[in-house]
Amino acid sequence: MMEKADSSQKLYKRMRLWEFPDEYVVEPTDGSSGSCLEISRVDGSMKLIDEIPHCSSLRVPKIRTIFGVIGILKLLAGKSFYEVFRLESLHRFLVLHQYAYGRKTRLTLKVTKKFYHAIKNLLPFSYRTYTREEQINRIWYVAEKQRESVGSYMGHPIFKVSSMKVFPCDHSLKNTPVGQKKMEAEFSALLNVAEKTPGLYFSYDVNITLSAQRLHDLGDESKLLPLWRQADPRFLWNNYMMEVLIDHKLDPFLLPVVQGSFHNFQAAIGKDIVDVTLIARRCNRRTGTRMWRRGADTDGFVANFVESEQIIQLNGCTASFVQVRGSIPLLWDQIVDLTYKPKFETVRLEEAPRVAERHFLDLRKKYGNVLSVDLVNKHGGEGRLNEKFANAMQHVSGDDVRYLHFDFHHICGHVHFERLSILYEQIEDFFIKNRYFLLNEKGEKVEVQLGVVRTNCIDCLDRTNVTQSMLGRRMLEFQLRRLGVFDAEESVSTHPNLDESFKILWANHGDDISIQYSGTPALKGDFVRYGKRTVQGIVNDGVNALMRYYLNNFVDGTKQDAIDLMQGHYIMSVSRDMTATSQKGGIEAIASFPLALGLILTGLFFATLSLGRVRHDVWNLLFSLIWASISLAIAALVKANGRMFCNRPRLHQSRR
């Protein structure tokens, strides 16, 4: 049984970080009477203290304001054991502590069942003892520089992480080997990437990982628990990082954080004021970048799974409507290889029915009835993937799970998105039957959402957001009629202020999700934002498509490593993983796209230069052919080995 939290023990909303030479001290400064948290900069140990250590003239501390603590990240691999004490202030505070073992002194590690299962596939060992070589200590902390209030959820303020800064502490680096210092620098570089994580939100007072319906259904005893205990672990961005701090019973410091999106607006409809909020919650089970996290894992968790909740508040009533999006729940990849659109590759196709079944079983448990709307093309690579998805769904479909394919590009093209009304006509019965969540003026439950529409395309970004915004608009009209604000003939489009604000709401929502997954705003955003395709929108889509190509091929590998590191999806090894690139041979050891491109351009330059001088000396024709041949040979080599010239995750574990 979980212990109840002291109702008087709330999350600390403001703290002071004291940076002493040998320790950090986190002091609550929001009027709370709690103890201070001390973290050693020597060995990473933590304890609660009653007062700030004495400040002598020789150890004057630096002082910063912080707003919360996020958690701890533990890393283990090979024959090394690491703990990353990740105390993140609201924008965040991180402490890293590592141990490496390897010589003659034997050491027994106590490994929990959960921890053992997390590492057993990565670390081939049959017993739990290691030889000890040395102990290395590292500490980093990430302190918040800013926080931004973005609105309220169920009457409670919501904040956004607006900037972070990593401060390394290297007390123990002086006497460590060169190889480990190099590893330290590479690890720090990943933390620098991680500090740019976009779209992090939190609240001190309400659990934003739960939809309004699930929050309302939360039992009275559960509502007395700390926010992190109430949270849905799927949407708790720092779920993995909180474990060690939880063991230390530091509830007032632990701040639940969600990655996603949060936007709202108010609009007048006659004498009534409607407040509309749109929240996105990203799942942490298969997080990553666009090309390096595709499809599902063997447990049925899919890439880019996002729960979007649209909430309206009007005249004391609250209505909520939830939709979800997520990658096609099969084992498939689309590995970058310098081509504009890499091939889709399915993996272990015989497992497709089981993976899809696990995915939809989880959806049924969480949301009730499920309507899966598949927006991919019928032809080409997408068509082959669609065929495999449709075949897998034959084993899953039933009374509570429906599958519908809608060829978005064939029916709507690139400009006729109003033809989505054809899709709505096909799903209207499910839409109306499964309803929405509604509380009346007294806070009493009047309606319950019984099912969810699950939408996917390939990226689950552009076509998906256009479709979800259409469904959100239909539901808003449905709810406003129920509340007596709209008559039977009224629609959102008949109220220009409401219409414009609603379009902007969903356009921003789509951009946020797209930036977190692909690195750019959503494509087709002009239709969501303005209700039509525009020349500027088409140009922007072209620019964003090229930017996605660049990020996918030359940036996202490192970003994926940073995500895997912070989310606990990877266990790191000093001896093997961070030095893996130095052990590669052949083309892979020297593959560098900037170098190859430079050589190609140099060859073409000299070929052109020699060709221009042929009339003076015929030998220049031969030189021109030689230089051109060199350029073509290098280009052919790069094309044939495209994957080796891309920025790939170094910590990525292939599922083949």
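Tutor: Let's begin with pairing: two strands pair if DSSP finds at least two bridges between them. Helices (H or I, at least four residues) and strands (E, at least two) are DSSP runs, numbered from the N terminus. This is a predicted model, in which local features need pLDDT of at least 70 and side-chain atom pairs count only at pLDDT 80 or more, while totals for chains, interfaces and linings use all residues. Residues are numbered from 1 along each chain as its sequence is written, and side-chain values use heavy atoms, leaving out hydrogens and water.

Student: Which way do β16 and β21 run, and how many bridges join them?

Tutor: Strands of a sheet pair through backbone hydrogen bonds, either parallel or antiparallel. Here β16 and β21 (residues 437–439) run antiparallel, joined by three bridges, and A319 stands opposite L438 of β21. With β23 (residues 451–456), β16 pairs in the parallel sense over two bridges; there V324 faces R454.

Student: Is β16 mostly covered or exposed?

Tutor: Buried means under 20% relative accessible area, exposed over 50%, and partly exposed in between (1.4 Å probe, protein chains only). In β16 (residues 317–325), nine of nine residues are buried. C317, A319, F321, Q323 and R325 point one way, T318, S320, V322 and V324 the other, and all are buried.

Student: What is the strand order in the open sheet of five strands?

Tutor: The order is β4-β3-β2-β1-β5, with antiparallel pairing. Because β4 (46–49) and β5 (62–66) are at the edges with a single partner strand each, one side of each is left without a neighbour in the sheet. The twist averages 25 degrees from one strand to the next, with axes taken as lines fitted to C-alpha atoms (for helices over the stretch in contact) and angles running from 0 to 180 degrees between N-to-C directions. Within this sheet, five bridges join β1 (residues 15–19) to β2 (residues 23–28), and E19 has Y24 as its partner.

Student: How do I judge the span of helix α11?

Tutor: Compare it with the expected span, 1.5 Å times one less than the number of residues. Helix α11 (residues 462–482) has 21 residues and reaches 30 Å from its first C-alpha to its last, close to the 30 Å expected. Since 16 of those 21 residues are buried, α11 is largely enclosed by the rest of the structure. Just after it, G484 takes a positive phi of about 80 degrees. Helix α12 (residues 496–518) reaches 32 Å with 23 residues, close to the 33 Å expected.

Student: Which residues have the most contacts inside the largest nonpolar core?

Tutor: A nonpolar core is a set of buried Ala, Val, Leu, Ile, Met, Phe, Trp, Tyr and Cys residues joined through side-chain atoms within 4.5 Å. The largest has 44 residues, and those with the most contacts inside it are V274, L420, L423, L480 and L498. Contact means heavy atoms within 4.5 Å; leaving aside neighbours within four places in sequence, the contacts of V274 include I312, L314, L480 and L498. Apart from that core lies another of 29 residues, among them F360, V376, L385 and A392.
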